[in-house]
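Thanks, everyone, for making time this morning.

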Amino acid sequence: MIRHPLARRSTLAALALGLLSAGASVAADGPYVTTVATATWQDNITDAPSGDGVLGAFTLGSTTDVSWLASLGFSTLLTYGVESTLEICPRFSGLDSFSWGPRISWRHKLGVGPYAPFVTVGLEGSAVAFSDHERSRIEGVFTAGGGQRLNDAVQLLVDARAGTYNANDLVYGGNYVGANATLNWDVSGTWRIKLLGGWRSGDGVSNYAAQFVGGAWTPIDPGILNSPGWWHYVNTYNQPFTAFRLGIRTLSSGIGVCPAIGRHTSLALQFVRLDSKGYDRYADDVASASIVHRF
Amino acid sequence: MRRLIAILTLACLCRSAPAAGIVRVVTRDPAGTPVADAVASLTLVGSPEALTVPKEPVAIVQRDQEFSPYVTAVVVGTRVVFPNRDTVQHHVYSVSAAKKFEIPLYIGDAAETIVFDRPGVVTLGCNIHDWMVAYVVVLSTPHFAKTDSGGSADLTSLPPGRYRLEVWHPRLSAKVDRELTVAEHDDTTQVISVTLRPDRRIRRAPDAGGADYR
């Protein structure tokens, strides 16, 4: 059973407020502001299996993170704040979105020095408003992760996430779990190479090109109708599609190059390939360029 | 008689305090570029000299999430304070054999003063901001100096004698250790060619992944 979005929204809000109150009760540094401007190309933004349904598009995004740090004793810190993101998709304006949400994470370093590993546990909440109102959702994510610096130049970071999101339309809601690993290799004081790998399992949406048959929109490949889950007709992509909420497993792998531009700014060029298996198998290549600035 | 007393007094003074020498150490890399922040020290061979410990503590400041100065040279027994002039807390530590200590998260003036009571090189860090690094070179000789931006360091007031000259730098690839003799009124220049390893400090610039700490 899926709860009404408003009920989930109030639970998340209460949780976030409680955590923020806990953080505010101890001495805190901040606010620290980080902004990220990103241009992204996805060659299969529809997550379609093949044929006419595979459409590519650019998105432009801007994220601002405002956070505070609080000491919780020896080698333990609490980070809390809010993050907002604006995304514009010039080709498919229905995907334009704005998200805002609180986040809090606890971090403990197991020892002293740059080579001591650290662990983190966190909660993130966000409300996302899309131009296509039916996609608008609220989301809550539990995160756990850690990092280990192998030497001055190489650091391994891992994180696991479990999330639930509830949209205005059932097709765009769901739950998922996932894990990611990142290897940062600083080949010089300026240049960083990133190797990325990830796994995600849970609900997702795959879009199938549709045709008008017998007075109704149906997918061109009718076999998908045998899959369990919700589906409906969408007009987000300027041509007829049916969107299916499916159980989808995704493996991701990628590489990035991140040159530093001074102490507070860096550029990030990244390519990630997402291989997914829902009812069908499909891929999505994502190339992005970002500028990150920490004030 | 007065003249005789004056002559004897002058003779005694000259005997008890022979004219001091000066050694200028100039450090350059193989390309001829001056090397700053190198610590040059001269240790009298065979007879340890008395050390004068500064009455006031030496300060290593944290500002803009960096230590300043990057390299500090002190004599054994010197007290060092670590004022934090940032708006963010720092956790200063050392795991070096010459001095292990930690000052857990603080802001402003730390309550603790650290006494560097053994000779050696002490690497400082911040347990929150991994890119922050600085060095304290603790010496058991009163004769030392740090090279300036021109790669030059003057060691003055050197009694005549035989000395061991050592040069240390955080990125030095090979130890510099040589002997030299300082005579009265000496004013010599020692040009030291040093090879430096690449500067492999932990990167500070942010990352789009957001995993960096701040």
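Predicted model: local features only at pLDDT ≥ 70, side-chain atom pairs only at ≥ 80, totals over all residues.

Residues are numbered from 1 along each chain as its sequence is written, chains are lettered from A and ligands numbered from 1 in the order in which they are written, and side-chain values use heavy atoms, with hydrogens and water left out.

Between chain B and chain A the count is 4 salt bridges, and there are also 9 residue pairs in polar contact, both residues being at pLDDT 80 or more. A polar contact here is a pair of N or O atoms within 3.5 Å; within protein, one must be able to donate a hydrogen and the other to accept it, and residues adjacent in sequence count only if both atoms are side-chain atoms. On the side of chain B that touches chain A, the elements that give two or more residues are β8 (90-96) and β9 (99-106) of chain B, strands being DSSP runs of E of at least two residues and helices runs of H or I of at least four, numbered from the N terminus. By class, that side of chain B has 13 nonpolar, 4 polar and 10 charged residues. For the classes, Ala, Val, Leu, Ile, Met, Phe, Trp, Tyr, Cys and Pro count as nonpolar, Asp, Glu, Lys and Arg as charged, and the others, Gly among them, as polar.

Overall, 27 residues of chain B are in contact with 42 residues of chain A, contact meaning heavy atoms within 4.5 Å.

Turning to chain A, strand β4 (residues 97-109) is joined by 11 bridges to strand β5 (residues 118-130), and the two run antiparallel; strands pair if DSSP finds at least two bridges between them. In this pairing W100(A) stands opposite A127(A) in β5(A). The strands β5(A) and β6(A) also pair in the antiparallel sense over 11 bridges, and they form a hairpin with 6 residues between them. G125(A) has G140(A) as its bridge partner in β6(A).

In that strand β6 (residues 137-149) of chain A we also find E139(A). Is E139(A) buried or exposed? Its relative accessible area is 12%, so E139(A) is buried, the limits being under 20% for buried, over 50% for exposed and partly exposed in between, with a 1.4 Å probe and protein chains only. The side chain of E139(A) makes a polar contact with the side chain of R137(A), at 3.4 Å.

Finally, chain B has 1 helix and 17 strands, and of its 214 residues 45% count as buried. One of its strands, β16 (residues 176-182), holds V182(B), which is buried at 2% relative accessibility. V182(B) and I22(B) are 160 residues apart in sequence, yet 7.9 Å apart in space, C-alpha to C-alpha.

Methods: Salt bridge = Lys/Arg side-chain N within 4 Å of Asp/Glu carboxyl O.
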